[in-house]
Every structure is written in C-alpha cells, then in structure tokens.
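Please keep the sequence and the model in view while reading.

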Amino acid sequence: MSPTTDAAAIRERMHQLYECWNQGDAQAYAACFTEDVDYVAFDGSHIQGRQANAEAHQALFDGVLRGSQLDGEVKSVRFLAPDVALIHTEGVIKLRWQRKAPKGRRSIQTMVAVKRDGVWFFTAFQNTRIQPPNVFARWMLQLMTPKRSAAR
C-alpha cells in the first residue's frame, strides 16, 4: 500500500473505533487495538492489554458512559516506518443527557498504530484533556519567559 492508502485505512480504523464506542460495544472497541496495547486514559489510569481494555470499557458503557457518544477527528497521521504510524486526534464525549458536549471536555489523543498482516491496529493510546493553564502553570510560564531589558 502507499502512504496515502495507509493513511486512509488508519482514518477508517479511527471511524470504526468511534462507531464501536457509540454503539457501546466494548469488545469491538478493544478489537481495534493490539493484544498488548498500552492505553492511558485522561485520568492517568493505565490499561494494559486488549482484554483489560474491553473489560474497563464495558464497565464504563454499562455505567456512567452508557449511551454516550464519542465525536472525534484525526488531526494528523505521520509514518515512522512503513508499518508504524503516529496519529493525533481530538475528541469529546457527549453524555446521554446532554444536547451538546461541553467544550471543556475536549481531549487530544496521541496514538501509535502498527500494521499487522495488512491491517492497522492501535498499540499505544494517550488521552489528555485540553484545558487552559491554571494559575501555577501561568506563573511557571512567566518565570521561563526571558525578560526584555528596559530601554535606556
């Protein structure tokens, strides 16, 4: 396959991932990942392995995320090797009682995909909430910014 064709296949796999979430199908969702996936959720919890991924998501789909909808988009696909890609996506979850997902719930995901027997699977996933810097972070940024010398 060409990089263009592989990028399209990865985007299609992402679409499949979103659909599995929206159907509340944890087994199908987890099947988009490798058996040895490393999955880090927005809260920092680290799930290792496809089966653990399926179990964790089934508990969510049966509980607090029942009926939720995942809306996401692929922002970039960069090939590190012919069978390895780095993907950045942005997404947000709308809970079943919400008309629209809150902007404060948007997250960015960093994923690594590998091609196995002609099929792309995600082998690493890191989810981080997008949020403005808090007071401490703003203060640290000010300390790190070089001061301009006053004109004399």
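## Terms and model

Helices and strands are taken here as DSSP runs, of at least four residues (H or I) for a helix and at least two (E) for a strand, numbered from the N terminus. The model is a predicted one, and the values below are computed from it.

## Helix α3 and its surroundings

Helix α3 covers residues 50–62, and its 13 residues, at 1.5 Å a residue, should span 18 Å, which agrees with the 18 Å that separates its end C-alpha atoms. Seen down the axis of α3, the buried residues fall within an arc of 95°, so they line one face of the helix. These buried residues are Asn 53, Ala 54, His 57 and Phe 61, whereas the exposed residues Ala 59 and Asp 62 sit on the face turned away from the buried side.

The cover over the buried residues of α3 includes the helices α1 (3–22) and α2 (26–30), together with the strands β1 (33–40) and β2 (46–48).

## Ala 30 in helix α2

Within helix α2 lies Ala 30, a residue with a relative accessible area of 1%, which is therefore counted as buried, the cut-off being under 20%. Once neighbours within four places in sequence are left aside, Ala 30 is in contact with Arg 50, Asn 53 and Ala 54; of these, Asn 53 and Ala 54 are also listed among the buried residues of α3. Ala 30 and Phe 122 are separated by 92 residues in sequence, and their C-alpha atoms are 9.5 Å apart in space.

## Strands β4, β5 and β6

Strand β4 (residues 84–94) pairs with strand β5 (residues 107–116) in the antiparallel sense, over 8 bridges, and Gly 91 stands opposite Ser 107 in β5. Strand β5 is also joined, by 10 bridges and again antiparallel, to strand β6 (residues 119–129), where Ala 124 is the residue opposite Val 112.

## The largest pocket

The largest pocket has a volume of about 490 Å³ and is lined by 29 residues, of which Trp 21, Tyr 39, Phe 42, Ile 93 and Asn 127 lie nearest its centre. At least two lining residues are supplied by each of α1, α3, β3 (69–81), β4, β5 and β6, and the largest share of the lining, 5 residues, comes from β4.

How values were computed: Residues are numbered from 1 along each chain as its sequence is written. This is a predicted model: local features need pLDDT of at least 70, side-chain atom pairs count only at pLDDT 80 or more; totals for chains, interfaces and linings use all residues. Side-chain values use heavy atoms; hydrogens and water are left out. The expected span of a helix is 1.5 Å times one less than its number of residues. Buried means under 20% relative accessible area, exposed over 50%, partly exposed in between (1.4 Å probe, protein chains only). The arc is that of the directions from the helix axis to the C-beta atoms. Contact means heavy atoms within 4.5 Å. Two strands pair if DSSP finds at least two bridges between them. On a 1 Å grid over the protein atoms alone, a cavity is a set of points where a 1.4 Å probe fits but cannot get out, and a pocket is an open set with protein on both sides within 12 Å along at least five of seven lines; lining residues have an atom within 4 Å of a point. Grid points are joined across faces, edges and corners, and a volume is the space filled by probe spheres set on the points.
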